[in-house]
Amino acid sequence: MSNSQIIYHMLLKLFPSTKLFPVRNILSLLLLFCYSLISCSSHEYDNENIPIVYHLNNSLPSGDTLRILAIGNSYTEDATAYLNDIVSESNIDRNKLGVYVAAIGGASLQTWAETYETGKEVRLTQKAGKIIMKDEGSLKELLAQNWDIITLQQVSTQSTDFNTFNPWLSQLLTYIEKDCPNPEVTLAWQMAWSYWTGYGTMPYGEMRYKMICEAVKEQIKGNGIDIIIPIGTALENARSTSLQTPHDLTRDGTHLSFGAGRYIAACTWYESLIAPVFGETILYNTATHVVTQKEKDASKYETVDVNETNSLLCQLCAIYAIKQPFKRTTLKEQT
């Protein structure tokens, strides 16, 4: 176990109801304590020691390896597309990490429950790390591996209404509990993001975001998945900064824009699930992303390169979403 992990678990013992990211020095610890006493909606980001709080009630894995299975659709693909780039620019040993995605276009929770029940073959795509897992078979067969974290999500068209989640979510949780050999497997929920304000019919924009938040809160009460990957909030944070685009950081009104949109989502994924386990924050990670010609050709709307100038702002949008999963934070940008 690394020194940062040891500190992390010591802090958990001191603060059993709140998970804290391992900080690097005494000043950081002091800032963390002070921040817990003060609430504010606007933040500068020119300091070197930004305290990070993980609002989680159930445990993330505590070992030195991490195997993640994400079950979803194109939104899951969006969120993990740049994940390996971020991991590669961290100090994480990729031989100790494996992130796999099971994605069916437009798939809802019902789709995945029925996929399990019919025994239809599923293929996994490895998105980050080098741990090798079985990547073809029925969902039942794929679940029957030693996963540390399994993430779920609802299709975006139904993400605003908790009434669409069950009985399918409950069924999937039962299947995971029955089939996954790890009795302490952690369950996480990928929060959807709101559509561009000009996309389709209402609700969209801020109204849709608020409805998504309420649905996730109901899911926490109704089904108990309380480790949230708050991508929807991270995007809302970004939409009030210079990162914003005319189409709300989307490439078609709903899917994330290549470059900044996908990068922010990957930062949120990384900081929610991977950073606490390995003690490697996204903050000041040097990964960037220049939008490729292929991505530009596939994009209906504008793209934003992630570079040395704006990567920190993207990272902070993710960090503050994790601090406040259901509330937009207005970031004061450096001038």
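Two strands pair if DSSP finds at least two bridges between them, and helices (H or I, at least four residues) and strands (E, at least two) are DSSP runs numbered from the N terminus. In these terms, Leu69 stands opposite Ile150 in S9. The model is predicted: local features need pLDDT of at least 70, side-chain atom pairs count only at pLDDT 80 or more, and totals for chains, interfaces and linings use all residues. Residues are numbered from 1 along each chain as its sequence is written, and side-chain values use heavy atoms, with hydrogens and water left out.

**Sheet and helix packing**

- The order S7-S5-S4-S9-S10-S11 describes an open sheet of 6 strands with mixed pairing.
- Strand S7 (125–129) and strand S11 (227–229) stand at the edges with a single partner strand each, so one side of each has no neighbour in the sheet.
- On average, neighbouring strands of this sheet are turned by 25° against each other, direction ignored.
- Strand S4 (residues 66–72) and S9 run parallel and are joined by 3 bridges.
- Helix H7 (residues 168–179) lies across S9 and S10 and runs at about 165° to S9; axes are lines fitted to C-alpha atoms, for helices over the stretch in contact (heavy atoms within 4.5 Å), and angles run from 0 to 180 degrees between N-to-C directions.

**Aromatic pairs and a charge over a ring**

- Rings of Phe, Tyr and Trp (its six-membered ring) pair if their centres lie within 6.5 Å, with planes under 30 degrees apart counted as stacked, over 60 as edge-to-face and the rest as tilted; the count comes to 7 aromatic pairs.
- Tyr75 and Trp193 are stacked, at 4.0 Å centre to centre and 5° between the planes.
- Tyr75 belongs to helix H3 (residues 74–80) and Trp193 to the loop between strand S10 (186–190) and helix H8 (205–223), so this pair ties together parts 118 residues apart in sequence.
- Phe162, Phe165 and Trp189 make up one aromatic cluster.
- Arg208 lies over the face of Tyr195, 4.0 Å from the ring centre; the criterion is NZ of Lys or CZ of Arg within 6 Å of the ring centre and within 35 degrees of the ring normal.

**Nonpolar core**

- A nonpolar core is a set of buried Ala, Val, Leu, Ile, Met, Phe, Trp, Tyr and Cys residues joined through side-chain atoms within 4.5 Å; the largest has 97 residues, and Trp269, Leu273 and Ile274 have the most contacts inside it.
- Helix H10 (residues 260–278) gives the most to this core, with 13 residues.
- Not counting residues up to four places away in sequence, Ile274 touches Leu66, Ile68, Leu83, Val87, Ile92, Leu97, Val99 and Trp269.

Notes. Buried means under 20% relative accessible area, exposed over 50%, partly exposed in between (1.4 Å probe, protein chains only).
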